[in-house]
Amino acid sequence: MRQDCSDTMSRIAAAVGLVALAAVLAIAVAVVMSDSGSHQEPQQKDEPVQTWKAAVVCFSETGNTERIAREIAGIVGGDFVKILPEVPYTAADRDYSDSGCRARLEQNDPAARPAIASDIDLSGYSTVFLGYPIWFGDSPKIMWTFVETHRLEGKTVVPFCTSGSSGVGSSDDHLEAVSDGGTWLDGKRFSSSASSSEIRSWVSGLGLGAAA
Ligand SMILES: Cc1cc2nc3c(=O)[nH]c(=O)nc-3n(C[C@H](O)[C@H](O)[C@H](O)COP(=O)(O)O)c2cc1C
């Protein structure tokens, strides 16, 4: 009888022990799960990192293209960069009524590549706006220098220009042809008096990153 009683007591003790062990294990699992949850990154592993960043690069002799370029940079939150010629253009160099002016000679020379004063670092930019005035129906040859000597592959390139009356013509295609690649959008021509709302609405219509 005493033996039976002690057997029963040991079984009860073993059962209580098992229940307690199960409870401890359950609590441990719950703690581990809630802990790993608190360290989970908010971004999914496979989600692409957004690194949209624009440079607005322009050549501008009399300020028309520069004004628009600066507005674009303000709209997209990009960096404004000006292309400066190593040998500055004088008023006589740009006097297109003169058949022998420097600008005309350069534009008529397929090999002309006027030097740029300093290198422009485009690394870190996903999008490059390229602004220039129309010279004799095309982009100034210094733009060709820029495009040929800068890596645009993998970037979105957005050409734009200002002019007295000419359209963008083939100036955008000519620049793309001498580039190392990139995704080139169609060029846009502005008049020198283009309004801020016209510029803003064009930028919005491009549907680009931060500008969208
Ligand atoms: C050398 C030269 C050639 C030009 N050729 C043209 C042309 O072919 N068609 C046109 O509409 N305007 C022409 N223009 C006018 C410029 O495109 C226009 O004034 C432009 O807005 C100037 O831009 P910027 O102030 O940024 O230099 C020419 C200007 C210069 C100096």
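Strands E3 (residues 127-133) and E4 run parallel and are joined by seven bridges; strands here are DSSP runs of E with at least two residues, helices are runs of H or I with at least four, and both are numbered from the N terminus. Two strands count as paired once DSSP finds at least two bridges between them. This is a predicted model, so keep the cut-offs in mind: local features need pLDDT of at least 70, side-chain atom pairs count only at pLDDT 80 or more, and totals for chains, interfaces and linings use all residues. Residues are numbered from 1 along each chain as its sequence is written.

- Seven of the eight residues of E4 are buried, so the rest of the structure largely encloses the strand. Buried means that 20 or more other C-beta atoms lie within 10 Å of a residue's own; 12 or fewer makes it exposed, anything in between partly exposed, and C-beta atoms are placed from the backbone.
- E3, helix H4 (residues 141-149) and E4 form a right-handed β-α-β unit: with the strands pointing away from the viewer, the path from the first strand over the helix to the second runs clockwise.

**Helices H4 and H5**

- H4 is mostly covered, with seven of its nine residues buried. They are Lys141, Ile142, Met143, Trp144, Thr145, Phe146 and Val147.
- Those buried residues of H4 pack against helix H3 (102-108), E3 and H5. Contact means that the C-beta atoms of two residues, placed from the backbone, lie within 7 Å.
- In helix H5 (residues 171-178), the buried residues are Ser171, Asp172 and Leu175. Seen down the axis of H5, they fall within an arc of 100°, so they line one face of the helix; the arc is taken over the directions from the helix axis to the C-beta atoms.
- The buried residues of H5 pack against E3, H4, E4 and E5.

**Around the ligand**

- There are 21 residues around the ligand, and Ser60, Thr62, Asn64, Thr65 and Pro133 come nearest. Helix H2 (64-76) and strand E4 (156-163) are the elements that give two or more residues to this shell.
- H2 gives the most to the shell, with three residues.
- The shell splits into six nonpolar, twelve polar and three charged residues. Nonpolar covers Ala, Val, Leu, Ile, Met, Phe, Trp, Tyr, Cys and Pro, charged covers Asp, Glu, Lys and Arg, and the others, Gly among them, are polar.

**Gly74 in H2**

- Gly74 lies in helix H2 and counts as partly exposed because it has 15 C-beta neighbours inside 10 Å.
- The C-alpha atoms of Gly74 and Arg200 are separated by 9.8 Å, although the two residues are 126 apart along the chain.

**The whole chain**

- The chain has six helices and six strands, running α-β-α-β-α-β-α-β-α-β-β-α from the N terminus on.
- Of the 212 residues in the chain, 28% are buried.
- Take the contacts between residues at least 6 apart in sequence: 77% of them join residues at least 24 apart.

Methods: Near = placed C-beta within 6 Å.
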